[in-house]
Protein chains: 2
Amino acid sequence: MSVEPGTVWGVGLGPGDPDLMSLRAARLLGAAKHVAYFRKAGRKGHARSIVEGLLPADAIEFAMEYPVTTEIPVTDPAYNQMLSGFYADCANHLAGIAAGGEDVVVLCEGDPFFYGSFMHLHARLKDRVPVQVVPAITGMSAAWTATDMPITWGDDVLTVLPATLPEAELARRIAESDAVIVMKIGTNMPKLRAALAQAGRVAETWLVQYASQPGERVMKLTDANEARMPYFTIALIHGQGRRP
Amino acid sequence: MSVEPGTVWGVGLGPGDPDLMSLRAARLLGAAKHVAYFRKAGRKGHARSIVEGLLPADAIEFAMEYPVTTEIPVTDPAYNQMLSGFYADCANHLAGIAAGGEDVVVLCEGDPFFYGSFMHLHARLKDRVPVQVVPAITGMSAAWTATDMPITWGDDVLTVLPATLPEAELARRIAESDAVIVMKIGTNMPKLRAALAQAGRVAETWLVQYASQPGERVMKLTDANEARMPYFTIALIHGQGRRP
């Protein structure tokens, strides 16, 4: 005799301000019995911090601590192997909860299917137990809102680029697009700055740090001198398309 | 003696399911004294439909009816002129409410600063009265969630394209990007289909109609035969980047 399986919910929390969560996300959090989230070992975890005070007092928490973050380069096969084993272990734990008939809410920063870690669990769980995803406001939406300028008008093309790409590719794609968003900046700031210069678009570029969160900063690239930026930094070039 | 001005709020409603609105949006709607929204003449209006039952019974509504939609081509100077006058009139009305000391909530489908009509009011109001924007879940987030597949992994590049672009440009940009979103499809479907074929990416393309709304449909392009698609159709190609 088998129990009806529970559901693994990948719940997007949005850009960081809890007030920007969806009604569905807030309801799922408020009723959660099991809550899981990724974090760096030894930290509280950013996703967990966003929901502080919003979970039932007796929710059972499962912190999924990355075995590695920046200690090993992404290009090293050992990095992939360690992360793959880690995601498999986490997925097994969540599948066990669902198989036992209970739901579990996985906290996801931003939108779960847009460069999110939950995707690695989703791929390992979707054929084993019911999985549902709740979309959310992306960090880039919060960033362009913070600049108080629209990102795309009329027929503008928008390109979203990870700053981890090679400098020449960044420069070429930045030059060819109307509107541009660059994510994953962190230590890639000098490379991004060089690529923007090569594309001739330094003067148009804005930076937003911690969009919608405490410590939000909005500045023009030409006013920013730091070589290293916080992980939650997004660079933006606004489209200038048709406007009646 | 002058009164403290009210605020014009551009409130993103998200992709259409009211449950995907942000907590902030829901709170602003529930307390709204003045509500404004765009609609096609003679229609209820899609933005207004999303908030059915969520506004105070005594909210004062201002329907902003487009003087023209598809009767005149976008490229005709008369089109721009008519729309420009229309937006100026709407902005004047909203500025009057705010100048009188009262707030007004403008209902915006999707995210207000991402190809949204509110941008044309924002540009005309921001130096006259206080204006605030509430970001929201985009239609494209709801669309990729509906396909149950992540849109971007690792270092994937995402390109967002309006289907209104010329076929050759669509084909070139579709061929060069890892992940692709195409908006504004409607009557541009035959052109988009030709561009996807030229880029060699027909087999990877998904279509989502009415994402998160009643009548949501998810299909592969190869299973869709219609030459004309509803306005709320989004085409997607999912990135296939690094995944441990």
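Predicted model: local features only at pLDDT ≥ 70, side-chain atom pairs only at ≥ 80, totals over all residues.

The questions and answers below go from the whole chain to its elements and then to the contact between chains.

Reader: How many helices and strands does chain A have?
Author: Helices (H or I, at least four residues) and strands (E, at least two) are DSSP runs, numbered from the N terminus. Counted in this way, chain A has seven helices and 10 strands.

Reader: What is the radius of gyration of chain A, and what does the globule rule give for 244 residues?
Author: The radius is taken over C-alpha atoms, and the globule rule is 2.2 Å times the number of residues to the power 0.38. Chain A is as compact as a globular protein of its length, because the rule gives 18 Å for 244 residues and the radius of gyration is close to that, at 20 Å.

Reader: What percentage of the residues in chain A is buried?
Author: A residue is buried if 20 or more other C-beta atoms lie within 10 Å of its own, exposed if 12 or fewer, and partly exposed in between, with C-beta atoms placed from the backbone. Of the 244 residues in chain A, the buried share is 48%.

Reader: Which residues of H3(A) are buried?
Author: An α-helix has 3.6 residues a turn, so residues three or four places apart point the same way. The cover over the buried residues of H3(A) includes strands S1 (8–12), S2 (34–40), S3 (60–66) and S4 (104–108) and helix H4 (118–125) of chain A. The buried residues themselves are Leu83(A), Tyr87(A), Cys90(A), Ala91(A), Leu94(A), Ala95(A), Ile97(A) and Ala98(A).

Reader: Which residues of H4(A) are buried?
Author: H4(A) is mostly covered, with six of its eight residues buried. What covers them includes S1, H3, S4 and strand S5 (131–134) of chain A. The buried residues are Phe118(A), Met119(A), His120(A), Leu121(A), His122(A) and Leu125(A).

Reader: What is the bridge partner of Ala36(A) in S4(A)?
Author: S2(A) and S4(A) also run parallel, joined by two bridges. S2(A) is mostly covered, as five of its seven residues are buried. In S4(A), the partner of Ala36(A) is Val106(A).

Reader: Is Tyr210(A) buried or exposed?
Author: Tyr210(A) lies in the loop between strand S8 (206–209) and strand S9 (217–220) of chain A. Its phi is near 50°, a positive value in a residue other than glycine. Because 20 other C-beta atoms lie within 10 Å, Tyr210(A) is buried.

Reader: Which element gives the largest share of the side of chain B that touches chain A?
Author: Two residues are in contact if their C-beta atoms, placed from the backbone, lie within 7 Å. The contact takes 43 residues from chain B and 43 residues from chain A. On the side of chain B, the largest share, five residues, comes from S6(B).

Reader: Which residue in S6(B) stands opposite Thr159(A)?
Author: Strand S6 (residues 158–162) of chain A pairs with S6(B) in the antiparallel sense over three bridges. Opposite Thr159(A) stands Thr159(B).

Reader: What rotation superposes chain B on chain A?
Author: Copies are superposed by least squares on the C-alpha atoms of residues with pLDDT of at least 70 in both. The superposition has an RMSD of 0.0 Å and 0.0 Å of shift along the axis, and its rotation is 180°. The two copies are thus related as by a two-fold rotation axis.

Technical notes: Residues numbered from 1 in each chain as written. Chains lettered and ligands numbered in written order. Pairing = 2+ DSSP bridges.
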